[in-house]
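Student: Could we go through this model together and test each label against its definition?
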Amino acid sequence: MNAPASPAAAKPAKSLGSLRSQLLSWLLIPLLLLVALDAFSVYRNALDVADLAYDRALLASTRALAERVSVVDGKVVADVPYVALDSFETDTLGRIYYKVTGTRGEFVSGYEDLPALPPDVPRSEIYPALVRFYHASYHNQPVRIAALYQPVYDDSMRGIALIQVGETMDARSDLTRKILFSTLWRQGLLVCVAALLVWFAVRFVLRPLMQLKATVEARASTDLADFDADQVHKEVRPLVVAMNGYMGRLQTLISGQRRFIADASHQLRTPLTVLKTQAELAMRELDRHPNDPRAWQDMREIVASIAGTTDATVHLANRLLTLARAEHGVAESGVAPVSLTDITRQVGLEHALTAVKKQIDLSFDAGQDLVVDGSALLLHELVSNLLDNAIHYTPAGGKVILRVRYDAAARRALLEVEDSGMGIAAEDRERVFSAFYRAPSAQQQNPSGAGLGLSIVRDIAGSHGAQILLADADAGEGNGGGMGLKVTLSFPLSSSPHTA
């Protein structure tokens, strides 16, 4: 019974790529964005400062021109010297245009077609003067114009004249380009230096990981020693500790497999050698006396011996394979809620005929259905091994009891196998769980036994979180005055509801 694979395990894992590349990406891309935002902010601030400086210079020219505006004989006049007019026409930073409008809107001086002041332009709050700045197009060129309202008066009249001074954007555009190039150059240099520093920092920080990688690659396939977790960063130490734990479990698994192979080869060598010897003996007898009836009779006995040895060898091989499967625990067989009561009842029915043939009283006692978490296949093997041993070592006319009950004090499920056999001496009860160890009393009764039954039981019980206790059989149960063996296994109950 295999556990269903999770969706995450069914999907192939996507490659995460290079850690160095990811670190550089996560560091440099945000840095580039921040530098770009900073460059844009610096550029905008510089433009605002430049616009403020040029607007002040434009306002100064407008005020200088306003001081030349006066009222003569009731008319607004602008006394602009020829030197000022010449500077307006020949300004190297850009052309400057002006226009003076009288108190009644009449044209007084300058460029009459200079764009008028739009009605929705707000007054500048930066300067105390009644000045407004706006953009316009004049002679297909963008211009920035300052419009200043200037009070004029004499004895005959008073009013407000409008003085407009416009400047082409050449100087401002040239300054804008210089600011932009200067900002980009400085920020680009900053990005390059920062990227170089980040690259060196990432390379330096990842050096312990690269050293760990080199150590792993240099390891021999048989070297499963722990890696030194102190050689890597604090954040990576749990990974190294987990790797060491995994290699420890792998070492245990490999050691178990090596031990199993060594034990299996040792245990199988003897019966196979016997089989070969018996077969050669049978062939030799036939060759020596092909027509002798006694030779045929001897050969029948040898063939019967071969059959018995073969049965013992098959039994041993099956036990060895069961032991190998039990050592892997429930991981391969899968975990699910299973009825310990149903499994025990089924095993009892399977061994009933064997008990009847040996004239053994086999009984089953279960008060309620008890459910545990585990592998039904391995639990079946566990109960089968216990019952097989009990029947095998109980003499004819004896008694074997299978019992499943609930331990209210410990809140656990108990499986008990009790027999009226010879039992196991107290000094041997720890050693009988070792593979291929057999108690002296068991060797006397069954010299051909494998000594694997209780070892299999121990491994399966351990993988299910069960505890094992060996004790003398209870007195007063018809077991011969306290003789016999009682095996008790205590299982944790399942937390999931059992479904048939």
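**Helix packing and the sheet**

Tutor: Gladly! In helix 8, Ile343, Thr344, Gln346, Val347, Gly348 and Glu350 meet Ala376, Leu379, His380, Val383, Ser384 and Leu387 of helix 10; contact here means heavy atoms within 4.5 Å. This is a predicted model, where local features need pLDDT of at least 70, side-chain atom pairs count only at pLDDT 80 or more, and totals for chains, interfaces and linings use all residues. Residues are numbered from 1 along each chain as its sequence is written, and side-chain values use heavy atoms, leaving out hydrogens and water.

Student: What makes helix 8 oblique to helix 10?

Tutor: The two pack at an angle of about 50 degrees, with axes 9 Å apart. Angles under 35 degrees count as roughly parallel, over 145 as roughly antiparallel, 65 to 115 as roughly perpendicular and the rest as oblique, so helix 8 is oblique to helix 10.

Student: Which strands are the edges of the open sheet, and why?

Tutor: The five strands have the order 4-3-7-6-5, with antiparallel pairing; two strands pair if DSSP finds at least two bridges between them. Strand 4 (107-110) and strand 5 (131-138) each have a single partner strand, so one side of each lacks a neighbour in the sheet.

Student: How do you know that strand 6 and strand 7 pair?

Tutor: Eleven bridges join strand 6 (residues 141-153) to strand 7 (residues 158-168), and the strands run antiparallel.

Definitions and conventions: Helices (H or I, at least four residues) and strands (E, at least two) are DSSP runs, numbered from the N terminus. Axes are lines fitted to C-alpha atoms, for helices over the stretch in contact, and angles run from 0 to 180 degrees between N-to-C directions.
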